[in-house]
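Colleague: Walk me through this one, please. Start with the terms you need.

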Amino acid sequence: MSDTAQATASLNGAAILSKDLSIYYGDFQAVRDVNLDIQTNRITAIIGPSGCGKSTVLRAFNRMNELIPSVNTKGEVLFRGENIYAPDVDPVEVRRRIGMVFQKPNPFPKSVYENVAWGARINGHKGNLDELVHSSLKAAALWDEVKDKLDQSGLSLSGGQQQRLCIARTIAVRPDIILMDEPCSALDPIATLRIEELMRDLAKEFTIIIVTHNMQQAARVSDRTAFFSLSEDGKRAGMLMEYGDTKTMFTRPEKKITEDYITGRFG
Amino acid sequence: MSTNNLHSSNLPGRHRLGRVWLVVFQVALVVGVVALCALLFNILNGSFGYVAVQDKVNPATLAVDGVPLEELDKDTLIQVLQANISAGLMARYEFDKPFAERDAGEVYDLILERVVAPEFVAQWSLYESLTNAGEVRATAAQEYPEARLEFRSWLNWHFLRAPQSSYPEIAGVRTAVLGSLWTISIAVLFAFPVGVAAAVYLQEYAPDNLINRIIQTNITNLAGVPSIIYGILGLAIFVRALGAFTSGIAFGVTDPATANGRTILSAGLTLGMLVLPLIIINAQEAIKAVPSSLRQASYGLGATRWETVWHHVLPNAMAGIMTGTILAISRAIGETAPLIVIGASTFIQVDPEGPFSKFTTLPIQIYQWTARPQSVFRNLAGGASLVLLGLLLTMNATAIILRNRYRRSQ
Amino acid sequence: MATPRTPATGSLKRKPRLTELVIQSLLFLCGLLSIFVTAGIIYELGKESLLFFGRTQWQLTNKPIAAAISPADTAIEVGAVGTPAQPGDLLRINGEIVRLVTIENGAYVVERGVNDTLPAAHAAGVVLEKGIDPSLAEFFTGTTWAPHAGLFGVLPLLNATLMVSGIAILVALPLGLATAIYLSEYASPKARNTLKPVLEVLAGVPTVVYGYFALTFMTPLLRTIFGQDVVQIYNTASAGIVIGILILPLVSTISEDALTAVPRSLREAAYGLGATRLETAVRIVLPAAFSGIAAAVIIAISRAIGETMVVALAAGAGPAFTFNPFQAAETMTGHIVRISGGDLSYDSLDYNSIFAIGLMLFLMTLVLNIFSQYIVRRFREVYE
């Protein structure tokens, strides 16, 4: 399938779309020519061996890489048909519409309530904040556990609760897309399970892109899977190797390298 | 698809606020830098500039047999001096230091000071001298017709070499610089070994028990005690209680001028006490930075604790300890208040001879000159400040060079 | 093999290592020395302060003896002028100390020769002196500091100290905090690495040079701006502003360290929610670094209170109870320097008074320093 054909074909259902996306750390090309269309209200998993630029690609989707001075991005990322890297685009607006949950839970050193309300408040939320906090915490499956300790510091919660708090905080801003960067890597299996269940619920309302190093997780939760690996020319740039329906990918991968990775022969 | 109706588009306002505050932050930084520039400029402003000089006696008239004053030999110079000043004053100079022991240069300086006696009748700042030289010249010619206008650097060779004097024309910082070097040396001799030993104890030996925690907290708090308190403590302990030792009486020194214990030794020990906590804290940091694998390797070979410390930990930490110590000393070299409290001498013309001499130091000299009401002394204070800053710069440069050399040798 | 092996018969039992023990003891003593320094400070300041408060000062009452008295007399006729004494007061007549028992018909009935003095004959016209003991209450409430005249109110000195420190922190806190935020949240690494050393140079300049700066630059500047009549040559505003510049690097470097220590994940979380740089810096990073910044400010206040040379040169030499920052007023440290700069004899009132003021200064700064350590421990957020 040619890249342009794929891009045009999926424009209708695409929540976000990258065109020839290359990312450099200084002189080093970390990611090369990624063309990826993410479908709306689906969970897309990005998998691949460590160091192949999965997180870098994910962070390129809401211009998070700009916070590191040496990073340089080339190519386009289209969100609703608009290139988020165009010079007149405000990264703040981009990040408000494309939220992010990080690898390690990082609640603010504020109360549980404030953690959820803060993002909405700075973004000019006009409705009832209490209601928003309630609905967001409920949506993040955290309400029952924290309804009595809304005034306590977010840092006092357990690791899994902290991560769900971070998800609630992201939902409260009502983004279109939620990026999740290995959200369960710092959690125990039970907490991981809860987050995975939560993701299925959230997918009804949000488009979710999740980076994971755990293939079982990708297979369990995602609708589509993108497999990244290092280029074989020795330059160690991350490339998109294969992209498709998760089921297809895990049963009948097109490429040999994908099959090797999925069956655990390397990675 | 989620809706965004609940959010107003408030971004332009938020960005505007962001830009306004960015300017505020930048302005704050600029103010800090401007303050530093003003500080330095102010010193330079006082250290250079025009002066109007008026001689009491024209040196040309002091020539003997056509030989100009500066080329006369010592005996002739003494005669010239004798002819122009009172016998009483001559006797006092003889008492201070017999003329037989003075060289021609010293006698020449005396003639300049007492006979020629150039006087600064007016002085202008560097800023005025540079931007408004014409007016300065006109004012000088009009108000001081007898005087000659010179562009003077208050920091000059004579200034560095000459002892203190109540005449600004010939005053210098020699005694003060020597006093500073003496007190600092004593402070280091006392505080460095004790401080490093304390740091070694706390880092390498001390078990985590109550007394060691108290020692550690205490050191942190001592570092925050105002320096003037150390002066009061020095006054009570070194000057008063231990006066017999600090005045040198216990060692057979009999100088009535220093019998009160207000000596270089007292000053040095007070400054030593003041920098002790700083040296300990810096040395602790340096020792902490030595990797523990090094210690384990040493213990693994059957070394005792002290052998490990002496052969491995200290040599590796030494660069950091040295840097920290020099930084602590640069703090001590600028200290003024504690030395005033323990009783620095206001006026000394003779070089300090040893730990039991009276003392003054460079910062004290600056303080006294600045506190004088006559503006001419402010220029001297400016020159002395330059010397002090130069001294500090040299020390900090030494610290950096030392550190780099240590790093390379490892 | 050339090197012989340790004899196999050697025991593994502990052997006393004398050198190790001696060295360890010596090192411990060096560590302990710092405790002695603190103990010395507290002991000396406390002892001499007690002497200060136990020292009777004699104040002229302007009240003369009306008729000559012999050593045996207990009733003293006094003149009408001057300040009257109260029963219980100590009075001094030419070196003899008497205690006033009661007043009968205008005559003082006294107990003669108290406090180890001997009754003596006194001529008419000798003026009575009244004994005054400095009391803690008067020390902290009196508004005049003139110990030789029996007035022991430390308020003028304390007030000047607080005014100078207040002005200093008003200058240093906004500037220092803004500088810290700029350096940690906005500046590029290159700019930061250039600007930080510049501020550290400010911190390394000796305070006496700042004093020179205050007197020869800041005071003339203030007098030009506000008028020669408004601003006195010596004033607390000039000293306060310059001390503010002096503690600016302290505030900005410690605050910057605290801001930089906030984990990057928090900033990313805020950006991920669509916060601007300002919102991230001021509403997320700044509160997270609160404990460090509060500690920096308290340490800076403590430093301003203890700062001596700037006030000694620029704030004025003479206690004055004024709230006008453009007037001269002597601070606690300035007073200590001025008094001890003269010829100070031991066990004199002046000698004891600098210890009393010194003790107060020591306690103030100690409390502030301990408080700052407490804040750091108590409010530090624990990140993983």
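Modeller: A residue is buried if 20 or more other C-beta atoms, placed from the backbone, lie within 10 Å of its own, exposed if 12 or fewer, and partly exposed in between. This is a predicted model, in which local features need pLDDT of at least 70 and side-chain atom pairs count only at pLDDT 80 or more, while totals for chains, interfaces and linings use all residues. Residues are numbered from 1 along each chain as its sequence is written, with chains lettered from A and ligands numbered from 1 in the order in which they are written.

Colleague: Strand 1 of chain B, then: how many of its residues are buried?

Modeller: Five of the seven, so strand 1 of chain B is largely enclosed by the rest of the structure. Strands here are DSSP E runs of at least two residues, and helices are H or I runs of at least four, numbered from the N terminus.

Colleague: What order do the strands of that open sheet in chain B take?

Modeller: The order is 2-1-3, three strands with antiparallel pairing; two strands pair if DSSP finds at least two bridges between them. Strands 2 (119–123) and 3 (148–153) of chain B are at the edges, each with a single partner strand, so one side of each has no neighbour in the sheet. From one strand to the next, the twist averages 40°, on a scale from 0 to 180 degrees between N-to-C directions of lines fitted to C-alpha atoms.

Colleague: How many bridges go from strand 1 to strand 2 of chain B?

Modeller: Four, with strand 1 covering residues 48–54. Val51(B) is partnered by Gln123(B), and Gln54(B) by Glu119(B). On the other pairing, six bridges join strand 1 of chain B to strand 3 of chain B, with Phe48(B) bridged to Ser153(B).

Colleague: Which domains does chain B have?

Modeller: Chain B has domain 1 (48–153) and domain 2 (174–409), with bounds from an automatic or database domain assignment. Their C-alpha centres are 40 Å apart.

Colleague: Now the interface. How many residues do chains B and C put in?

Modeller: Chain B gives 65 and chain C gives 70, where contact means C-beta atoms, placed from the backbone, within 7 Å. On the chain B side, helix 1 (residues 11–47) gives the most, 21 residues. That side divides into 46 nonpolar, 15 polar and four charged residues; Ala, Val, Leu, Ile, Met, Phe, Trp, Tyr, Cys and Pro count as nonpolar, Asp, Glu, Lys and Arg as charged, and the others, Gly among them, as polar.

Colleague: Last one: which residues does Ala300(C) touch?

Modeller: Ile169(C), Ala172(C), Ile247(C), Leu250(C) and Val251(C), leaving out residues up to four places away in sequence.

Note on methods
Two residues are in contact if their C-beta atoms, placed from the backbone, lie within 7 Å.
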